[in-house]
Amino acid sequence: MNLAVNASSLIQFISQPWHWAVSGAAIALVLALMTWMGRSFGVSTTFKAFCSAAGGGRFSDFFKMDVREEFWRIAFVIGGVIGGYIATHFLQSPEAVAISPETVDYLATLGISYPEADAKGIGFVPTSLFNFQSLSGILMAVGGGFLVGFGARYGDGCTSGHAISGLAHFQLPSLITVIGFFIGGLAMTHFIFPLLVG
């Protein structure tokens with residue numbers, strides 16, 4: 001009985017909304033440890049490692065690499081997927097994501113309700129646009145996935161690699177890339193997204 005009460009209390013503690021500084025401190029700690037070990041943090045290289053493990057090196061020299069050196073990165077991504085599944089299905093907080101009133105008002109002008117939509121598990125995007133039941137929804141998912149994958153490869157890294165690891169190592173290309181991320185995000189938020197949902 002006591003064990004069940006403790007387990008319930010632990011789950012309640014884990015599933016509550018945490019302050020953003022907790023994640024920030026954890027990321028800083030991981031980055032410091034990886035820098036000390038001579039490694040750089042990033043996720044997009046994992047796709048190359050997966051292709052190499054699947055035999056991609058037989059078709060392109062780009063995929064010729066020692067997968068054992070990248071096993072930690074593969075384990076990180078697999079752990080992220082498993083952790084996301086556990087969090088979504090077993091540790092989901094009943095509270096809506098806390099965002100500013102200004103953002104709530106802006107989303108309302110685009111026809112995105114808050115917090116009602118989030119409480120229903122829909123999220124902050126209109127399901128009429130983002131879904132897998134319509135051709136436009138499938139094209140958005142496939143097109144967006146292609147652009148993210150192509151951009152990560154063309155930019156020689158993803159957002160986590162450049163914005164976290166690259167900036168921490170004072171790399172100028174990462175600073176330029178992160179500025180590009182912000183410009184693209186602002187353009188999407190204020191110009192492209194309103195056209196898509198309008």
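These legends accompany several close-up views of the structure above. The model is a predicted one, in which local features need pLDDT of at least 70 and side-chain atom pairs count only at pLDDT 80 or more, while totals for chains, interfaces and linings use all residues. Residues are numbered from 1 along each chain as its sequence is written, and side-chain values use heavy atoms, with hydrogens and water left out.

**View A. Helices α8 and α9 pack against each other at an angle of about 135°.**
Welcome to the helix pair formed by α8 (residues 159–168) and α9 (residues 172–197), whose axes are 9 Å apart. Helices here are DSSP runs of H or I with at least four residues, numbered from the N terminus (strands are runs of E with at least two). Axes are lines fitted to C-alpha atoms, for helices over the stretch in contact, and angles run from 0 to 180 degrees between N-to-C directions. The two helices are therefore oblique to each other; angles under 35 degrees count as roughly parallel, over 145 as roughly antiparallel, 65 to 115 as roughly perpendicular and the rest as oblique. The crossing of α8 and α9 is left-handed, meaning that the near helix is turned anticlockwise from the far one by less than a right angle.

**View B. Residues of α8 meet residues of α9.**
On the α8 side, look for Thr159, His162, Ala163, Gly166 and Leu167; their counterparts in α9 are Ser174, Leu175, Thr177, Val178 and Phe181. Sorted by class, this contact has five nonpolar, five polar and no charged residues. Ala, Val, Leu, Ile, Met, Phe, Trp, Tyr, Cys and Pro count as nonpolar, Asp, Glu, Lys and Arg as charged, and the others, Gly among them, as polar. Ser174 counts as buried, because its relative accessibility is 1%; buried means under 20% relative accessible area, exposed over 50%, and partly exposed in between (1.4 Å probe, protein chains only).

**View C. Asp156 and Phe170 have positive phi values.**
Asp156 sits in the loop between α7 (135–154) and α8, and its phi is near 55°, a positive value in a residue other than glycine. With 56% relative accessibility, Asp156 counts as exposed. Phe170 belongs to the loop between α8 and α9, and its phi is also near 55°. Phe170 is exposed too, with a relative accessible area of 77%.

**View D. Arg39 and Glu69 join in a salt bridge.**
A salt bridge is a side-chain nitrogen of Lys or Arg within 4 Å of a carboxyl oxygen of Asp or Glu, and by this rule the count comes to four. In the pair shown here, the N to O distance is 3.7 Å. This bridge links distant parts of the chain, 30 residues apart: Arg39 is in the loop between α2 (20–36) and α3 (45–53), and Glu69 in the loop between α3 and α4 (71–90). Arg39 is partly exposed at 30% relative accessibility, and Glu69 is partly exposed at 44%.

**View E. Two further salt bridges involve Asp61 with Lys64 and Arg68 with Asp66.**
The side chains of Asp61 and Lys64 meet at 3.1 Å, N to O, and both residues are exposed. Between Arg68 and Asp66, the closest N and O atoms are 3.2 Å apart. Arg68 is exposed, with a relative accessible area of 72%, whereas Asp66 is partly exposed at 35%.

Methods. Contact = heavy atoms within 4.5 Å.
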